[in-house]
Every structure is written in structure tokens, then in C-alpha cells.
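Here are a few friendly notes to read alongside the model. Keep the structure open and find each spot as you go.

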Amino acid sequence: MRTTADDTRFQPGALIWLAVATFSMGIDGYVLAGLLPQIATDLDVDAAAAGQLMSVFAATGAIAGPVLGALTGRWERKSTIVLSLSVFVLGNLMVGLAPTYFWAMSGRVVSALGGALLNAVIGSYVIARTPEQYRGRALSLVMGGFLFATALGVPVGLVIGQSDWRIPLFLVVGVGAAALVGILAKVRPLHLPPLSLREALSPLTRPAILAVLLVPMGLMCASYLCFTYATLILGPRIGEGYPIIGALFGYGIVSLAGNIVSGRVTDRRGPVAVLTVIVATVLAAALLGWAGLMLPGAAGAVAGLAWFLVCAFFNGGSGVAAQTRLATMVPPAVAALVLALNNSAMMLGSALGSALGGLALAEGALPDQLLLLSGVVLAVTLGVQVATAVGHRRRARAHVEVGPLGSGPVGPAEPPIGAVEPA
């Protein structure tokens, strides 16, 4: 029997195993950054070359995600999840066993290809199989695996990786393999309508979708503009070493809480309103945080931590709202491509933010002034968000006015949600 997207009896067990898969991706995406000296020594390369293992992973994922999402749009979804997770696990096994830098780099490319497709197809599967009124909560549970990895998995991986940098990779392989077994047992097959490549790529021709993608990109740019240099901003106030580690751990925990809350609020209020509140709040936090950092002594430290954790909460909740919003703009059959584009936009924003912050510091800006620079990015992002929200309301109003008889040329409406293969 073929399962289609209109079968909404989604089993919670499937969500759990998909979250385990994203947990393994979360560890893999960040843990190596803290082990670069050990990697460089073991593979007989300098620290800059070791760092390229991170850069290549991110660049490959950003480019490959949309391409693979479009090319695999005709495939059955469970099989695609299993294949992409298998490739991801294989790539990490290659890195863990790599005798040379070449094999480690090759393994990172393989794992990035699997992870890029896995991230997109998991989101599209959850969207297609979950009733619209529960999508936010379902996505928050699955994305919670990734955020839980950044909060807990990465610190644990760093600790166990001090003796051997390969151990965290074997941890990723083990968690990924466990997720693979659970997915094979609990996740049900899903067939969506077969599309031509032109139809699969159709979201790229819609300005409204491309404009919406600027919002998560702007949020990540503003976030990483400061997050990358958090030690320089908070360190002088709270201390180096363990205090900074504690602050980063708190960031991960609060991000996870924001993800959970966002899922429920998105289901109740809608993703457009939630995203608007998120961007506006993070903008206010940046401006107030910059002012608070000028306070002397403990007051400045408290202000800095408050800014850091407020940003963590709302940035942690932005992913659910952004994915849910994009899901309302396309049918499930092309959701994998759109979600892959969303992931690429976020990765591009992260890279731009880190680069922009580094450039500002190189030009003589003080670390505290990065909050003001992030505020500029957020102000532009808020303008884009408001403009797209107004456009969303106009299209929704036009769709209602046209009605089933199509009376009057009042503008195009969004494509229907849930265009699925007949049972």
C-alpha cells in the first residue's frame, strides 16, 4: 500500500527517530571546530588546512542541498531519507578512519552531500505527513535534535575528543546508525506526485519565495556577526575559559527552549507573525545590549549575558517559523528544494556574518560595536520581513476575492497546499 501526504496519521515514533538523525548532524556540524589543533597534528597539516574541513563541509552543503533536493523530488521520501542518512554516516566513517588529509577531506565532502539532502528531505517529509495545524510542533521536535546536539552533544564531543579527535566522529556514526535502524522500523513510506525537473525548480522563478529566504539569511548574518566573536564581547566582562563555555552551553539550552516555544506559537499565530516578532525583538536586543555593555562592572556583565541569551531564545525559534512559512507557499512535492534553499540561505548568512564581523574588527571596530553592526543588518531584515508580510496578506486577500469562479484579475495566489498523489 502506498502512503501519500493526505494520510495524516503521523506516528510520534517516526518524529523521534528523525530527531535522532538531526542530532547526529548537529554534532557533526560543529564538533570538529573545537578540535582543529589535534586534527592538524594527527594529519600533519597546519591549522588553516584543518579548518578547511569545516569550510568545505559548509560550502558543499550549501551548494548541493538545493541541487539534490530538486533532482530527488521524484523519489519516494523514506527511501531518500535512508539513502541520504547512509551517505552521511559513511562520510563520517571515512573521516574517522582517514589515514591522510586527502581521505579526511573526501569524507567531509561525502558527509556534506548526505547531510545536505537529509536536512531538506526530513523537513519536507514532516511537512507532508503532518496536519497543517501541528506542523510547527512537529518541526520543532525534529529540529530540536539539531539544537540539542549544539547544547549537549557538541560539548560532550569536545570533552571526549581531547584524547582522540576521531572519537566524536565515531559517536556521530553510532548515533546515525541507530537513527537509520529506527527510521527503517518506524518511518512509513511516502509517495508524492512525480515532477519534471522544470516543475521541481519552479520555486526559483517566484520572487516572493526568494524574498522570504532573505529573512533567515539576515537573521543568521546578524547572529554570527556577534556569535563568532562572543569571546571578545563577553570575555572581558565574565572571564575567559569556563565562564565562556558556560555561556555557550546556556546559549544552546536557551535556543532549544526557543525552538520548542516557537513550534507551539507558530501553530497558533502563524509563521509570518512569529517571524516578524522574532526579527523585531532581536533588533531591540542588539540595540539595548550595546547600550547595556557600556555599564560598568557587574551591570555590564549582566547586560551582556541578557543580550546573548535573548538572542539565543529568538534565534532558536526562527528556524521552525521560517520552514513553516515556506511550507505554506509550495506544495509538498517541491518542499525539499525550498527547505534546502532555506538551509543554504542560513549557511550563507552565517558565513557572511562571520566575514563581516572579522572585517569590521580588522578595520578597527571595537567588539562591542559589532552589536550595532548586527542591528543594521537586522533593521534591513525587518524591512524585508514587513514587506513580505504585506505581500502575503495581499495575496491571501486576492485569493479570497477571486473565489472558486475566478472573478476578476486581482493577482496570483500562492499554489495550493497538499498537492499529493491520489491514493
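1. A word to start with: helices here are DSSP runs of H or I with at least four residues, numbered from the N terminus. Please also keep in mind that this is a predicted model.

2. Which residues make the nonpolar surface patch? F148, L152, V156, F249 and I253 do, and the patch covers about 390 Å². Two elements, α6 (135–160) and α11 (242–269), each give two or more residues to this patch. The largest share, three residues, comes from α6.

3. Now pick out F249, which sits in helix α11.

4. Next, look at E76, in the loop between α3 (47–71) and α4 (77–97). E76 is buried but has no salt bridge. The nearest side chain of opposite charge belongs to R77, 6.8 Å away.

5. What lies around the side chain of E76? A polar atom of that side chain is 2.8 Å from the backbone nitrogen of K78, and a polar atom of the side chain is 2.7 Å from the backbone nitrogen of L190. Leaving aside neighbours within four places in sequence, E76 is in contact with P189, L190 and H191.

6. Finally, find V384 in helix α15 (residues 370–402). With a relative accessible area of 22%, V384 is partly exposed. V384 touches A211, L214 and V215, not counting residues up to four places away in sequence. V384 and L213 are 171 residues apart in sequence, yet 9.8 Å apart in space, C-alpha to C-alpha.

Technical notes:
Residues are numbered from 1 along each chain as its sequence is written. This is a predicted model: local features need pLDDT of at least 70, side-chain atom pairs count only at pLDDT 80 or more; totals for chains, interfaces and linings use all residues. Side-chain values use heavy atoms; hydrogens and water are left out. Buried means under 20% relative accessible area, exposed over 50%, partly exposed in between (1.4 Å probe, protein chains only). Contact means heavy atoms within 4.5 Å. Lys and Arg count as positive and Asp and Glu as negative; His and the chain ends are not counted. A salt bridge is a side-chain nitrogen of Lys or Arg within 4 Å of a carboxyl oxygen of Asp or Glu. A polar contact is a pair of N or O atoms within 3.5 Å; within protein, one must be able to donate a hydrogen and the other to accept it, and residues adjacent in sequence count only if both atoms are side-chain atoms. Patches are made of residues with over 30% relative accessible area and no salt bridge: like charges are joined within 9 Å, nonpolar side chains (Val, Leu, Ile, Met, Phe, Trp, Tyr) within 5 Å. Accessible areas come from the Shrake-Rupley method with a 1.4 Å probe; for residues, only the protein chains shown count as cover.
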